[in-house]
Amino acid sequence: MLLRIAWRNIGRNKKRSGIIIGAVTLGLAAGIFLMAFYSGMIEQRVRLAIQNETSHLQVHHPDFRKDYDIKYYLVNGPASQKQIQSQVEVKQAAGRIIIPGMIASPSGSSGITINAVQPEKENAITGLQQKVRAGSYFNPQKENSILISEKLIKKLKLGIGKKTILTFQDSSGNMMAMAYRITGVFKTSNTPFDENNVFVNISDIDSLAGLHHQYNEIAILLHSGSSLKVVQTKLKSLFPEYEILNWQELAPEIALTVSVGEQMVLIFMGIILLALAFGIINTMLMAILERTREIGMLLALGMNRLRIFQMVLWETVLLVLAGCPFGIGIALAAIGITHQTGIRFKKFSEVYASFGYNDVIFPELNLRQFLIIMILVILTAVLSSLFPAWRALRLKPAVAMRK
Amino acid sequence: MKNNNTVIDAHNLVRVYDEKTVPIYALNRVHLHIERGEFTAIKGPSGSGKTTLLNMLGGLDSPTEGFVEINGTNITKLKGNKLIDFRLNNIGFVFQSYNLVPVLTARENVEFIMLLQKRPTSEIKKRVNELLQQVGLSEKAGKRPSELSGGQQQRIAVARALAPKPQFILADEPTANLDSVSAGNLLDIMAKLNKEENMTFIFSTHDQRVIDRARRVITLEDGKIVADTAPASTEHTHYETS
Ligand SMILES: Nc1ncnc2c1ncn2[C@@H]1O[C@H](COP(=O)(O)OP(=O)(O)OP(=O)(O)O)[C@@H](O)[C@H]1O
Ligand SMILES: [Mg+2]
């Protein structure tokens, strides 16, 4: 019966209840959508990072990553690669030689990382071929070709078909220089990466670098990210002499982005909920004030304080719950649409790219976060009813009824 | 002297308001003894302390001095929820206005106290039907208070007060907002219930026509009982003075 009174009380002041229901709708819609937007953005950032930068796992000589010295290569590169490729969870394993070096043109030079890759396998892991915007990808017939980025080509005033010189140290510490012809221009969504990386065919550089048929990195793409830890452990026991790192270890800043992003959503949600709480407290206090005599009467008749408390609590919770379906509905509709179409930030695409984000975001709803938000909203309703309820409890029947 | 028929025993009641500035003695040394089955009016000019006295007897406010015993329980010593529960189970109230829960129907309002007492549904249903009939409002059972006239609202309030069979019913100016026909009706019903169910009624009023219906009339002036006419009929009560 308390529930019945509480429910009908909501209908008493339509305008006031409408405001709260509206606020809940708006807050929930905004909160859930924002959360989906953020998780979409973060998911995407992680996907991009795995695809373009880190892959799922990387295998190195334990000392290689200290200063990317080419002499720390994998002792049994090709054999290890084969063995890794034979694991069921592994989609593709690609060997690379990574060499810090310089690129030079008649009009200037620039420090870069030379990525010497196995064209087919590399494409299977990072989709490098698709990132070639002009010219063409590696061709077995054309030796000594190089892919460089749009950024770099402008900076060095080069063009497709032009020659460029790469200088680097070989595995014994001798300076080497070699001319390569630009056959393709690539562009990823990560500007800093583009500026600092070039790609050559591994067979055009391995002997020169002193690593004939060897690698200093094997990048591994899995069929599914969920087997990450399992495969990592397996490879660690298979190759105790190698360092085997997952993407979170390779790019701790991305792992950090994920947790910071989640915190951002929670902070934003906190602000929304705080505003909601103030709205609820205000409204319910007004309702209690208006019903002072009525509550006095209920107390006089013998409705004890627990029941008065429950009545106010129920009224608040029901009011908030009444707003939930609309808020959730609007949020789901908005997410459903934008998940298909994506949200494009044309104006900011440069900014996004400089942080390694795509300029199209596809919001994604994450069930766990959704449940957390629902629990938080209901908790807010309960907590914000405490103060009004307490005010109702303090009423003395004899005084309240004289009002 | 108390006896088995004593319902209320109020001893030396004092209620002082505004103690910090000028003290107002709303009640000044009032002794009162009410027996089962009484039909008693409390009269007196405005500000004489009628509401204050009824609040003391009903446990809605506590006296500055003295105490109230109901059926042997000193309610002045009861606190918080104990006192609220005591009211719930022992005292019926009819107020001048704002009597009913506006969002409940007439029937639900009559059920209200019995529901709070967690009586069995079948009992509640039977009792409520019976009472709606007794106050002549069976066909209005589904209406909200706002759809009822003032007199009908007060009759529902009487039915609600009576429903759980309390020790007595306190009514503070129950007819103040009613026209004389409705007031007469309400008094008829109260008198009938007093007779048929032997329910004790204590009501305050200004209205001489209402006072004329009472069997015992207590007159208050400046917080003091200045007159207390003996009950016209002694068939229910054995009135003794101490
Ligand atoms: N809460 C209060 N605070 C201060 N003074 C009060 C309070 N309640 C009552 N009084 C004072 O106590 C005195 C008695 O008031 P009470 O309401 O009992 O009179 P009453 O006989 O019921 O009057 P009425 O016929 O107008 O209802 C009055 O002087 C009143 O002003
Ligand atoms: Mg009064």
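K165(B) sits in the loop that joins α5 to β7 (168-172) in chain B. The model is predicted. K165(B) takes a positive phi of about 50 degrees, although it is not a glycine. Its relative accessible area is 55%, so K165(B) is exposed, the cut-off being over 50%.

S55(A) belongs to the loop between α2 (14-54) and β1 (57-60) of chain A. The relative accessibility of S55(A) is 0%, so S55(A) counts as buried. K165(B) is exposed, whereas S55(A) is buried.

The loop between α2 and β1 of chain A also holds H56(A). H56(A) has a relative accessibility of 8% and therefore counts as buried, because buried means under 20%. Neighbours within four places in sequence are left aside in what follows. On that basis, H56(A) is in contact with I50(A), I220(A), L221(A), L222(A) and G225(A), and also with L228(A), L245(A), N246(A) and W247(A).

The overall form of chain A was examined next. Chain A contains 15 helices and twelve strands. A compact globule of 403 residues would have a radius of gyration near 22 Å, but the value for chain A is 31 Å. The C-alpha trace of chain A spans about 100 × 45 × 30 Å along its principal axes. Of the 403 residues of chain A, 51% count as buried. Contacts between residues at least 6 apart in sequence were also sorted by separation. In chain A, 77% of these contacts join residues at least 24 apart. Chain A carries 42 positive and 27 negative side chains. The centres of these two sets lie 18 Å apart.

Chain B has seven helices and ten strands. Its radius of gyration is 18 Å, close to the 18 Å that the globule rule gives for 242 residues, so chain B is as compact as a globular protein of that length. The C-alpha trace of chain B spans about 50 × 40 × 40 Å along its principal axes. Buried residues make up 55% of the 242 residues of chain B. Among contacts in chain B between residues at least 6 apart in sequence, 70% join residues at least 24 apart. Chain B exposes about 10,700 Å², with 47% of it supplied by carbon and sulfur atoms. There are 30 positive and 28 negative side chains in chain B, and the centres of the two sets lie 5 Å apart.

The contact between the chains takes 27 residues from chain B and 21 residues from chain A. Together the two chains bury about 2,300 Å², of which 66% is on carbon and sulfur atoms. Three residues of chain B stand out. Y98(B), V103(B) and L116(B) supply 24% of the area that chain B buries against chain A, more than any other three residues.

L116(B) is also one of the buried residues of α3(B). Nine of the eleven residues of helix α3 (residues 106-116) of chain B are buried, so this helix is largely enclosed by the rest of the structure. The buried set comprises A106(B), E108(B), N109(B), V110(B), E111(B), F112(B), I113(B), M114(B) and L116(B). Just after α3(B), K118(B) takes a positive phi of about 60 degrees.

G150(B) has 37% relative accessibility and so counts as partly exposed. Between G150(B) and P63(B) there are 32 Å in space, C-alpha to C-alpha, and the two are 87 residues apart in sequence.

Key. Residues are numbered from 1 along each chain as its sequence is written. Chains are lettered from A and ligands numbered from 1 in the order in which they are written. This is a predicted model: local features need pLDDT of at least 70, side-chain atom pairs count only at pLDDT 80 or more; totals for chains, interfaces and linings use all residues. Side-chain values use heavy atoms; hydrogens and water are left out. Helices (H or I, at least four residues) and strands (E, at least two) are DSSP runs, numbered from the N terminus. The radius of gyration is taken over C-alpha atoms; the globule rule is 2.2 Å times the number of residues to the power 0.38. Buried means under 20% relative accessible area, exposed over 50%, partly exposed in between (1.4 Å probe, protein chains only). Contact means heavy atoms within 4.5 Å. Lys and Arg count as positive and Asp and Glu as negative; His and the chain ends are not counted. The place of a charge is taken as NZ of Lys, CZ of Arg, CG of Asp or CD of Glu. Buried area is the accessible area (1.4 Å probe) that two parts lose on being put together, summed over both. Accessible areas come from the Shrake-Rupley method with a 1.4 Å probe; for residues, only the protein chains shown count as cover.
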